There are 2 protein chains.
Amino acid sequence: MIQFAPWKSAAAALALACLAAVSPPRGDVAAYAEDVDTILREAVARGRAYERLVDLCTTAPHRLSGSAGAAAAVEWARQEMIDIGLENVRLEPVTVPHWERGDVCLVRVAEPAGLVGDELTSITLGSSVATPEFGLTAEVIEVQSFEELAERRAEADGKIVFFNRPMDPESINTFAAYGGAVGQRSRGASEAAKAGAVAALIRSMSTRLDDVPHTGNMSYAVGVPKIPTAALSTVASERLSDMIEAGVPVKLHFRQNPVWHADKPSANVVGEIVGTTFPEEILVVGGHLDGWDVGQGAHDDGAGTCEAFEAARLLLQLGLRPKRTIRVVAFMNEENGLAGGRAYREQHAAEMPNHVFALESDSGGFRPRGFTTTAKGDAKAILDEIAKLLEPADCGLMLDGRGGADIGPMQLDGVLLAGLRPDSSRYFDVHHSESDTLATVNDREVNLAAGAMAALLYVIADLDERLPRR
Amino acid sequence: MIQFAPWKSAAAALALACLAAVSPPRGDVAAYAEDVDTILREAVARGRAYERLVDLCTTAPHRLSGSAGAAAAVEWARQEMIDIGLENVRLEPVTVPHWERGDVCLVRVAEPAGLVGDELTSITLGSSVATPEFGLTAEVIEVQSFEELAERRAEADGKIVFFNRPMDPESINTFAAYGGAVGQRSRGASEAAKAGAVAALIRSMSTRLDDVPHTGNMSYAVGVPKIPTAALSTVASERLSDMIEAGVPVKLHFRQNPVWHADKPSANVVGEIVGTTFPEEILVVGGHLDGWDVGQGAHDDGAGTCEAFEAARLLLQLGLRPKRTIRVVAFMNEENGLAGGRAYREQHAAEMPNHVFALESDSGGFRPRGFTTTAKGDAKAILDEIAKLLEPADCGLMLDGRGGADIGPMQLDGVLLAGLRPDSSRYFDVHHSESDTLATVNDREVNLAAGAMAALLYVIADLDERLPRR
């Protein structure tokens with residue numbers, strides 16, 4: 001493999017590292033300006049997040065919990081942490097659900113019969129049950145919302161309900177648009193089943209109009225019949241909608257064969273840079289190692305995982321070992337269960353009071369713009385000061401918001417959380433689809449993201465005073 | 001062609017347009033917050049910059065001045081302006097240089113002889129002369145700078161000089177990195193010729209390590225022999241450098257056959273939204289229509305041209321006709337002469353005092369972050385206020401800086417200039433190369449850019465008071 005841009009300056013980096021190896025005690029954030037600059041330059045010029053992502057995505061492109069790919073990814077992560085030079089590298093057990101999509105997802109227009117190109121491109125949603133072995137055939141009704149479904153409840157009985165509300169195209173923040181539409185995917189099947197429907201189809205959660213369907217997880221409400229559900233591509237959704245709008249009853253044939261297996265043992269992968277002065281005080285940085293079984297999970301969340309690893313490697317490379325411990329965690333099972341995030345919190349319950357901060361990158365491997373955080377008050381003020389040091393790199397946002405799904409459970413223990421905030425323009429073009437590949441990732445962007453994460457972590461981990469909880 | 005995301009809300013847009021058609025007189029920037037929001041939402045949800053770019057890049061992917069492609073692009077732009085509904089659509093004559101690259105650019109390792117894969121991927125630089133018909137063969141010396149060349153002047157005589165200083169990989173702003181390296185391309189041949197060299201090769205101006213060479217313009221110093229020059233891909237540059245470093249003399253065979261023809265007539269393409277109250281006061285918005293003869297010129301500068309057109313279309317679509325005239329200009333010959341920018345200034349000399357503002361987009365079709373501007377003092381303060389309205393869309397930068405090459409000549413007349421500032425992470429991966437294609441452009445990003453430009457232009461063009469010159 002080509003070495004990415006070493007530009008023959010390894011010697012210069014080493015010299016820098018030696019200079020930086022002994023850092024004086026420091027009480028205020030501004031004193032870290034030079035370190036932050038050094039970290040960012042090292043990241044963008046000689047960072048290895050992208051190189052690592054190429055390795056992960058070729059080693060284990062499909063990493064859904066319980067799969068052989070997920071197991072390969074766990075071993076890859078363990079070895080990678082050792083290679084980076086992390087300490088206390090270990091697997092922490094996680095029991096994960098094991099769902100497989102099967103080999104068929106067919107949505108075909110049965111009536112009007114004889115259409116040219118009668119198949120509507122589709123993909124089974126994660127956790128969905130199968131259709132009957134030879135499929136089901138039923139008339140379809142289209143709705144834009146659960147409210148519309150409630151109003152037209154009588155019509156839905158015995159039918160396939162098609163949820164076709166697009167992500168709001170006017171939202172410049174595509175995560176907000178996703179939030180406004182994804183309920184159709186996660187709850188649509190049970191809402192349709194309550195009205196007597198035999199299946200549910202949804203418009204893919206996507207910002208593109210193309211023929212690539214997007215999967216993602218769904219769950220069934222307790223006490224409601226489990227009906228099969230799949231996503232249509234946005235182009236197929238428009239086509240189906242046009243047919244329905246034409247006024248002739250449309251019947252679809254729907255067949256898919258996903259399988260639920262027994263739960264499986266898996267693991268979070270953990271390694272550390274042990275702090276010099278307060279080793280028992282912990283900052284977590286991570287992403288999730290599992291991913292969907294389409295594309296390569298390059299953005300979701302290969303990038304985030306590799307950025308978290310790289311943030312740690314950059315600090316080791318530069319000799320910037322902080323006062324507190326930085327713990328890198330590659331979480332398992334974010335996509336369809338969050339078992340890893342829950343297990344981490346349970347297994348480290350005794351340590352939770354010593355968890356100073358947790359940072360996750362799980363919003364795509366695009367150009368970083370800063371962070372979102374749950375911190376308020378004094379802690380937020382310190383984070384704002386650190387963010388200022390990242391402004392020259394245009395990574396200086398520190399917005400109120402969430403951390404990330406995997407670290408989310410720790411919020412119950414009062415742990416301050418943050419999430420990397422990359423630009424969101426392109427993320428939902430590729431999210432959970434065959435399009436989520438390395439070809440859509442830029443090396444400078446993921447390496448800069450790793451640098452921004454390393455800088456934020458380093459300053460918090462090295463300040464004389466611990467980041468205050470409220 | 002697929003219609004991009006109309007989402008069936010044309011009717012809603014029309015209703016909005018009717019509401020907005022009569023705008024009251026307004027003295028302060030804050031009064032425009034709602035208009036700006038409307039423009040941005042319309043742009044990102046229903047903008048046509050990307051659709052237009054697809055059209056341009058398929059109609060005329062190669063648009064170098066004097067070529068058939070450039071002529072096709074001129075006619076395309078004229079028709080597109082008419083279709084958009086611009087007034088006073090016309091061609092303004094520009095005499096352009098006419099250089100063609102020919103069909104051969106071969107750089108082969110002649111000694112050490114018999115290497116497997118002895119060809120070094122290369123591309124002729126714009127404006128270069130040809131080698132002798134059957135090529136030239138000479139030993140090569142590598143230098144990192146003109147200073148090094150001066151020190152080693154005696155060694156260069158009769159040789160090929162290879163300028164191999166990379167764009168600074170530590171620069172997060174890749175334009176700064178480009179600025180620090182591009183002198184090798186633009187002046188390297190003449191500097192080498194002064195030392196008696198027979199040819200000059202340069203490392204491609206690129207942020208990627210790959211085998212795609214990047215072209216771009218060069219010029220010959222007066223009174224210095226004109227020697228042929230080409231760019232090697234960054235991978236080929238590393239390879240050549242390794243060979244030279246090994247200490248055995250390296251001889252290269254270099255052959256290329258570009259041709260200079262007589263100058264040709266061409267045109268800037270111009271259209272207007274005539275202002276309601278001060279029609280004689282003019283804001284220019286543009287990009288350059290010409291592009292290199294490789295790739296599709298999608299980012300450079302198809303995107304900028306299409307964004308400028310779209311900025312105007314958005315205002316017409318929304319019924320936002322401002323007090324002053326907005327003049328859209330598709331400039332010709334930015335890449336190898338700037339004849340269009342110069343001609344525009346000359347032909348409109350009498351109008352220059354009435355030119356309030358000029359805005360160019362020529363930094364790539366990536367995610368917009370705001371603008372750079374030459375404005376100072378009171379004018380800058382007003383622009384800062386407008387930029388604040390763009391912050392919710394994360395387009396709120398208003399930095400001191402340049403406008404753009406095509407509008408640059410107007411600065412001599414005191415015209416205030418601005419340039420769109422997109423994120424620069426990916427631009428020099430593709431710039432001036434076969435990689436500058438539609439596949440690297442995102443529809444939401446160019447449409448948002450058009451929206452940000454439309455918003456900035458509209459407020460300046462509609463304020464009661466003219467933007468003050470110093």
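**Domains, sheet and chain contacts in a predicted model**

The domain assignment, which is automatic or taken from a database, divides chain A into domain 1 (10-98 + 262-462) and domain 2 (102-257). The model is a predicted one, in which local features need pLDDT of at least 70, side-chain atom pairs count only at pLDDT 80 or more, and totals for chains, interfaces and linings use all residues. Residues are numbered from 1 along each chain as its sequence is written, while chains are lettered from A and ligands numbered from 1 in the order in which they are written.

The C-alpha centres of the two domains of chain A are 35 Å apart. Where they meet, 15 residues of domain 1 of chain A are in contact with 17 residues of domain 2 of chain A (a contact means C-beta atoms, placed from the backbone, within 7 Å). The domain 1 side of this meeting place consists of 4 nonpolar, 8 polar and 3 charged residues; here Ala, Val, Leu, Ile, Met, Phe, Trp, Tyr, Cys and Pro count as nonpolar, Asp, Glu, Lys and Arg as charged, and the others, Gly among them, as polar.

Taken as a whole, chain A holds 14 helices and 15 strands, these being DSSP runs numbered from the N terminus (helices: H or I, at least four residues; strands: E, at least two). Its C-alpha trace spans about 75 × 45 × 40 Å along the principal axes.

Strand 2 of chain A runs antiparallel to strand 8 (residues 251-256) of chain A, joined by 6 bridges, and Leu106(A) stands opposite Arg255(A) in strand 8.

Most residues other than glycine have a negative phi, and most peptide bonds are trans. The peptide bond from Glu111(A) to Pro112(A) is cis, with omega near 0°, and Pro112(A) sits in the loop between strand 2 and strand 3 of chain A. Leu338(A), not a glycine, has a positive phi of about 65°; this residue is partly exposed, with 19 other C-beta atoms within 10 Å. Asp394(A) likewise has a positive phi, near 60°, but counts as buried, with 21 C-beta neighbours inside 10 Å.

Finally, 25 residues of chain B are in contact with 25 residues of chain A. On the chain B side, helix 2 (33-46) and helix 14 (443-462) of chain B are the elements giving two or more residues, and helix 2 of chain B provides the largest share, 4 residues.

Technical notes:
Contact = placed C-beta atoms within 7 Å. Pairing = 2+ DSSP bridges. Buried ≥ 20, exposed ≤ 12 C-beta atoms within 10 Å, placed from the backbone.
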